[in-house]
Amino acid sequence: MPLSLQSNRQPTMRQLQLIQALARYQNLSVVAENLHISQPSVSIQLKNLSELIGLPVYQMQGRKLTLTDAGKAVLRSANTIFQSLDNLKTDIDNLQGVITGTLLISVVTTAQYFLPLLLAAFAKKHPKVEIKLEIGNREKIQSRLLENSDDFYIFSNIPQNVQVIETPFLENEVVVVVPENHELAQFPKVSLTRLSHYPFILREAGSGTREYTVELFKQHGLILNEKMTIASSEAIKQAVAAGLGISVLSKHSLDFGIMPGIKIINVEHFPIRSKWRLVQNASRQPTLLADAFHKFMVENGGEILASAVQNNQQ
């Protein structure tokens, strides 16, 4: 029977947990393992949920299980319900004068180089707070933003298909890197025209570093000579060090992830400067914990990282 507002039957908390886990792991056996229940029980619960709402909640795409539109609707409600329960616990703790709760953060891969330093400082200040961090490529983190899965997201290039609240908190410089023995490393400064003749290793479509660089070349009537696409800054650094090409990277991936064998070079119109932004889905009701983290990032984030970079260079 289709679920209706008049129906007394509602999805159970376990079914809502299963939908969240299925969205994350896309595999029934992995869902069962992580929730410590049998796979047949997972299948039965999801079947019951589909019958309850009158539509299937997941489907097969190749070897992966993905949520249907109905499943995504259930997921949005599940996220809201569990957030409300977390908020209740947090509100009670706040009434007792202690900031507690679970802070959910998703970040694009480049942010993994500097965010742990900030989270460690925040956790030291608020030891009763639990932090859950999700790291992924832009497509994955954008999907989590659309699903309203987390309290915060960190982007340098904000998605345009969802209403957000954004707060710039940190400078982001995109620089050109080459193998340390590359011929371009011998020049005091390289023109953009000269640079365009060399093969580039770029991040995946949609990444901030890629889009900023493509736009810069386009503005000057030049085309990037793309040789390879790699969806990982760490893998790009290794590819450059191996001599497979040159690349553009956020300087933070070099400040906090040193790779022998590569060198930043001085190039016309570089570095490309942008901002790292703390992003919230506009429909998400912020908790007191989220407000505390937002305040911490704005007031302390830049100073903490500047000090860390200085220490790394000594």
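## Exercises on rings, strands and helices

The charged end of Arg194 lies over the ring of Phe187, 4.6 Å from its centre. A charge sits over a ring if NZ of Lys or CZ of Arg is within 6 Å of the ring centre and within 35 degrees of the ring normal.

The model is predicted: local features need pLDDT of at least 70, side-chain atom pairs count only at pLDDT 80 or more, and totals for chains, interfaces and linings use all residues. Residues are numbered from 1 along each chain as its sequence is written, and side-chain values use heavy atoms, with hydrogens and water left out.

**Exercise 1. Describe the overall fold in numbers.**

Step 1. Count the secondary structure. The protein has eleven helices and eleven strands. Helices (H or I, at least four residues) and strands (E, at least two) are DSSP runs, numbered from the N terminus.

Step 2. Take the extent. Along the principal axes, the C-alpha atoms fill a box of roughly 75 × 50 × 35 Å.

Step 3. Check burial. Of the 314 residues, 48% count as buried. Buried means under 20% relative accessible area, exposed over 50%, and partly exposed in between (1.4 Å probe, protein chains only).

Step 4. Look at sequence separation. Among contacts between residues at least 6 apart in sequence, 73% join residues at least 24 apart. A contact means heavy atoms within 4.5 Å.

**Exercise 2. Classify the ring pair of Phe152 and Phe293: why is it tilted?**

Step 1. A pair of aromatic rings is described by the distance of the centres and the angle of the planes.

Step 2. Set the rule. Rings of Phe, Tyr and Trp (its six-membered ring) pair if their centres lie within 6.5 Å; planes under 30 degrees apart count as stacked, over 60 as edge-to-face and the rest as tilted. This rule gives six aromatic pairs.

Step 3. Apply it. The centres of Phe152 and Phe293 are 5.4 Å apart and the planes stand at 50 degrees, so the pair is tilted.

Step 4. Phe152 is in strand β5 (residues 152-155) and Phe293 in helix α11 (residues 288-313), so the pair links distant parts of the chain, 141 residues apart.

Step 5. Check the surroundings. Phe152 is buried at a relative accessible area of 0%. Phe293 is buried too, at 0%. Phe122, Phe152, Phe293 and Phe296 form one aromatic cluster.

**Exercise 3. Which strands pair with β9, and in which direction do they run?**

Step 1. Apply the rule. Two strands pair if DSSP finds at least two bridges between them.

Step 2. Take β6 (residues 164-179). Four bridges join β6 to β9, and the two run antiparallel. Val177 has Ser247 in β9 as its bridge partner.

Step 3. Take β7 (residues 200-202). Two bridges join β7 to β9, and these run parallel. Ile201 stands opposite Ser247.

Step 4. Five of the five residues of β9 (residues 246-250) are buried, so the strand is largely enclosed by the rest of the structure. Ile246, Val248 and Ser250 point one way, Ser247 and Leu249 the other, and all are buried.

**Exercise 4. Find the buried side of α9 and what covers it.**

Step 1. List the buried residues. In α9 (residues 233-241) these are Ser233, Ile236, Lys237, Ala239 and Val240.

Step 2. Find their arc, taken from the directions from the helix axis to the C-beta atoms. The residues span only 165 degrees around the axis, which puts them on the same side of α9.

Step 3. Recall the geometry. An α-helix has 3.6 residues a turn, so residues three or four places apart point the same way.

Step 4. Name the cover. It includes β6, β7, β9, α10 (252-255) and β10 (262-265).

Step 5. Inspect the ends. At the start of α9, a side-chain oxygen of Ser232 comes within 3.3 Å of the backbone nitrogen of Glu234. Just after α9, Gly243 has a positive phi of about 90 degrees.

**Exercise 5. Where does Tyr212 lie, and what does it touch?**

Step 1. Tyr212 is in helix α8 (residues 208-219).

Step 2. Leaving out residues up to four places away in sequence, Tyr212 touches Ser156, Asn157, Val174, Ile272 and Ser274.

Step 3. A polar atom of the Tyr212 side chain lies 2.7 Å from the backbone oxygen of Ser156.

Note on methods:
Polar contact = N/O pair within 3.5 Å; in protein donor to acceptor, adjacent residues only side chain to side chain.
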